[in-house]
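Welcome to this short tour of a protein model. Have the viewer open, and we will go from its pocket to its sheets and then to a few individual residues.

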Amino acid sequence: MTVYPYILLAKSPLHYDWYEVVEDCICEEVIIKAGFTTDFASVPQFLWWLIPPHGTGAMPSIVHDYLYQVPNAHNLTRLEVDRYWRKLLIESGVPTWQTALMYGFVRLLGQSVWEKYRRG
């Protein structure tokens with residue numbers, strides 16, 4: 001098992017520009033299971049010059065994707081998950097302006113993704 005921020009990844013054979021977690025990874029109380037796939041920060045390609053999905057925010061974004069997509073892995077609210085992600089972005093060295101922009105977008109546009117993974 002790896003420990004965040006060292007998440008072992010391999011290119012996903014199923015999706016272009018997606019990656020798969022190769023080995024379980026622990027991030028505080030959350031265990032990101034091997035086999036989980038991610039596109040890191042879900043940034044449209046035309047904005048990669050502004051917010052590179054594979055930059056310093058990549059590892060925090062894997063945690064965020066996991067917490068959004070695997071509801072039974074935690075008991076956090078969406079706001080708590082987003083704030084946790086913001087904390088991880090800052091700790092990873094993502095510039096303050098980029099963190100604020102990314103956090104703002106996820107707060108504005110993330111509700112539908114959050115609900116998608118919670119429908120029964």
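## The largest pocket

A pocket here is an open set of grid points with protein on both sides within 12 Å along at least five of seven lines, and its lining residues have an atom within 4 Å of a point. Please keep in mind that the model you are looking at is predicted. With that in place, what is the volume of the largest pocket? The value comes to about 590 Å³. The lining of the largest pocket is made up of 23 residues, and those nearest the pocket centre are Ala41, Ser42, Val43, Val106 and Val113. Two or more lining residues come from each of helix 1, helix 3 (96–109) and helix 4 (111–116). Helix 1 supplies the largest share, with five residues.

How do the lining residues divide into nonpolar, polar and charged? There are 15 nonpolar residues, five polar ones and three charged ones. Val113, one of the residues nearest the pocket centre, sits in helix 4. Its relative accessibility is 35%, so Val113 counts as partly exposed. Val113 and Tyr68 lie 45 residues apart in sequence, while their C-alpha atoms are 7.5 Å apart in space.

Now to the strands. As a reminder, strands of a sheet pair through backbone hydrogen bonds, and they do so either parallel or antiparallel. Strand 4, covering residues 25–27, pairs with strand 5 in the antiparallel sense through three bridges. Within this pairing, Cys27 has Val30 of strand 5 as its bridge partner.

The loop between strand 4 and strand 5 contains Glu28. Glu28 is not a glycine, yet its phi is positive, at about 60°. Is Glu28 buried or exposed, or does it count as something in between? With a relative accessibility of 47%, Glu28 counts as partly exposed.

Tyr66 counts as buried because its relative accessibility is 5%, and the cut-off for buried is under 20%. Leaving out neighbours within four places in sequence, Tyr66 is in contact with Val30, Ile31, Ile32, Lys33, Phe36 and Ala73. Thr37 is 29 residues from Tyr66 in sequence, with 8.6 Å between their C-alpha atoms.

## The 2-3-6 sheet

Another open sheet of three strands has the order 2-3-6, and its pairing is antiparallel. Strand 2 and strand 6 stand at the edges with a single partner strand each, so one side of each has no neighbour in the sheet. Strand 2 and strand 3 (residues 19–21) run antiparallel and are joined by three bridges. Which residue of strand 3 is the bridge partner of Ala10? That partner is Glu20.

## Backbone details in the loops

In the loop between strand 1 and strand 2 (9–11) you will find Pro5. The peptide bond leading from Tyr4 to Pro5 is cis, with omega near 15°.

Phe40 is located in the loop between strand 6 (37–38) and helix 1. Although Phe40 is not a glycine, its phi is positive, at about 65°. Phe40 is buried, with a relative accessible area of 4%.

## Leu79 in helix 2

Our last stop is Leu79, which lies in helix 2 (residues 78–91). Leu79 has a relative accessible area of 32% and is therefore partly exposed. Which residues does Leu79 touch, not counting those up to four places away in sequence? They are Tyr103 and Arg107. Leu14 is 65 residues away from Leu79 along the chain, and their C-alpha atoms are separated by 30 Å.

How values were computed
Residues are numbered from 1 along each chain as its sequence is written. This is a predicted model: local features need pLDDT of at least 70, side-chain atom pairs count only at pLDDT 80 or more; totals for chains, interfaces and linings use all residues. Side-chain values use heavy atoms; hydrogens and water are left out. Two strands pair if DSSP finds at least two bridges between them. Helices (H or I, at least four residues) and strands (E, at least two) are DSSP runs, numbered from the N terminus. On a 1 Å grid over the protein atoms alone, a cavity is a set of points where a 1.4 Å probe fits but cannot get out, and a pocket is an open set with protein on both sides within 12 Å along at least five of seven lines; lining residues have an atom within 4 Å of a point. Grid points are joined across faces, edges and corners, and a volume is the space filled by probe spheres set on the points. Ala, Val, Leu, Ile, Met, Phe, Trp, Tyr, Cys and Pro count as nonpolar, Asp, Glu, Lys and Arg as charged, and the others, Gly among them, as polar. Buried means under 20% relative accessible area, exposed over 50%, partly exposed in between (1.4 Å probe, protein chains only). Contact means heavy atoms within 4.5 Å.
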